[in-house]
Amino acid sequence: MKFLICIGGVEPSVETVQFGGKIASASESDVSVLYVQPKIPHAVREEIKLAREKLSEWEIELPGVKVLRAARTILLELGFVKTAPSGEIIERHALKPGIRGAYELHIYGIHGENIRLRLREGDIIGQVNKEIESDQHDLVILGASKQRRVLQKLVQFVNCSTLVVKNPREVKYDFLVCTDGSPAARKAEHLAAQFARFLQAQVAVLAVAKSGSDEPRAMENAERASRFLTRSGVPNSISVRVGGVVDQIDAAARENTIVVMGASRRSELRKLLFGSKPAKVLERVRCPVLIVK
C-alpha cells in the first residue's frame, strides 16, 4: 500500500507523522510525507531555487525544508528508517527538485519501503490531489487542523480515502465500522479488515436504525459485515442502535477507537450546502476517523 501523510508545520504535525508512521510500519507500506507551502512570489523565486540547489553546500533553513527534516527525524525515532551500521540514514537520493513536480528526499524503510519527503508549492487541495495522482496513493493521512474549513475541504475534495488523526493517544486502537449495507459501507468494511489484520486489532460493527421498525434490517447488515470479517480472520462484535447516525456513532466511539465510514453519497453541491454524515461525525467524535472512498 501507499500512504500520503500531509503535514502543515513542525510542532502540530508530530503526532500525525507518528500515527501515520506506525500504521505504515505495521503494514510495511510505502509512505510519502508532503508539505505544501504557499506560492512563492516571482521576484524571489530564482533566489530560492538557487538556494535549494545549493542546500548541501549552504547551511540555510528554508521553511519547507525544515518541516521535512523534522518529519524525517520522527520517522527515524520510530525505527521506520533504514540506517547503515554507522547510524547514517540510507538515501536513494538527497533533496532535489523536479521529481514529479516537487522537491524530494528519498530514503528507505527497514523493510525496503520507499519513504519520500516531498515539498510542493501552491493551493493545498490542488497540490495534494496532484500528489495522489502522481503516485496512486491508497490513503491520505491528515492532522485534525484547527483550520476547520481547510480540513473539511481536504476530506471532501481529495481523491482518496482519508484518515484524520484526531486526539491521538498512546493506546492500542480498535476499529468501529459503521455499516448500512451500501456499496460505500462495504468498502469501509474491507479497508477496516485490512488495517485490523495489520495492527492485530478488533473491529466493532455498528448498524444504526432510524426507528424500531428498521432494527431487523440493521441487524441483517451488521451480521453480514460480521460474517465477512470472520472469514477475513478479524475478531469482531456487532451492535445495533436506534436513533440518529451521528449521535449513535458518537456514543459508541471511545478514545481507543478509529471510526471507519464510507464516503457520503451526496453530490458535491449538496455536501457543500448541507454537509455530510462523515463530516459531522468528524466534528463530533474525539478520536481518529477514517473515511473510505
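A salt bridge is a side-chain nitrogen of Lys or Arg within 4 Å of a carboxyl oxygen of Asp or Glu. The structure is a predicted model, in which local features need pLDDT of at least 70 and side-chain atom pairs count only at pLDDT 80 or more, while totals for chains, interfaces and linings use all residues. Residues are numbered from 1 along each chain as its sequence is written, and side-chain values use heavy atoms, with hydrogens and water left out.

**Exercise 1. Find the residues that are linked in a network of salt bridges, and examine the part of Glu 104.**

Solution. A search of the whole structure finds twelve salt bridges. The network of salt bridges links Lys 2, Arg 100, Glu 104, Arg 116, Arg 118, Arg 120, Glu 131 and Asp 135.

Next, take Glu 104 with Arg 116, whose side chains meet in a salt bridge at 3.6 Å, N to O. This pair links distant parts of the chain, with Arg 116 in strand S5 (residues 114-121) and Glu 104 in strand S4 (residues 102-108), twelve residues apart. Helices (H or I, at least four residues) and strands (E, at least two) are DSSP runs, numbered from the N terminus.

Then take Glu 104 with Arg 118, where the salt bridge between the side chains is 2.8 Å, N to O. Here too distant parts of the chain are linked, from Glu 104 in strand S4 to Arg 118 in strand S5, 14 residues apart.

Finally, consider accessibility, for which buried means under 20% relative accessible area, exposed over 50%, and partly exposed in between (1.4 Å probe, protein chains only). Both Arg 116 and Glu 104 are buried, and Arg 118 is buried as well.

**Exercise 2. Describe the salt bridge of Asp 250 and Arg 284, and classify the accessibility of each residue.**

Solution. The side chains of Asp 250 and Arg 284 meet at 3.7 Å, N to O. Asp 250 lies in helix H8 (residues 245-252) and Arg 284 in helix H10 (residues 277-284), so that the pair, 34 residues apart, links distant parts of the chain. Asp 250 counts as partly exposed because its relative accessibility is 27%, and Arg 284 is partly exposed with a relative accessible area of 39%.

**Exercise 3. Work out how helices H4 and H5 cross, and which residues meet there.**

Solution. The axes of H4 (residues 124-135) and H5 (residues 148-157) come within 10 Å and cross at roughly 35°; such axes are lines fitted to C-alpha atoms, for helices over the stretch in contact, and angles run from 0 to 180 degrees between N-to-C directions.

In the contact, where heavy atoms lie within 4.5 Å, Ile 124, Ile 125, Val 128 and Asn 129 of H4 meet Val 150, Lys 153, Leu 154 and Phe 157 of H5.
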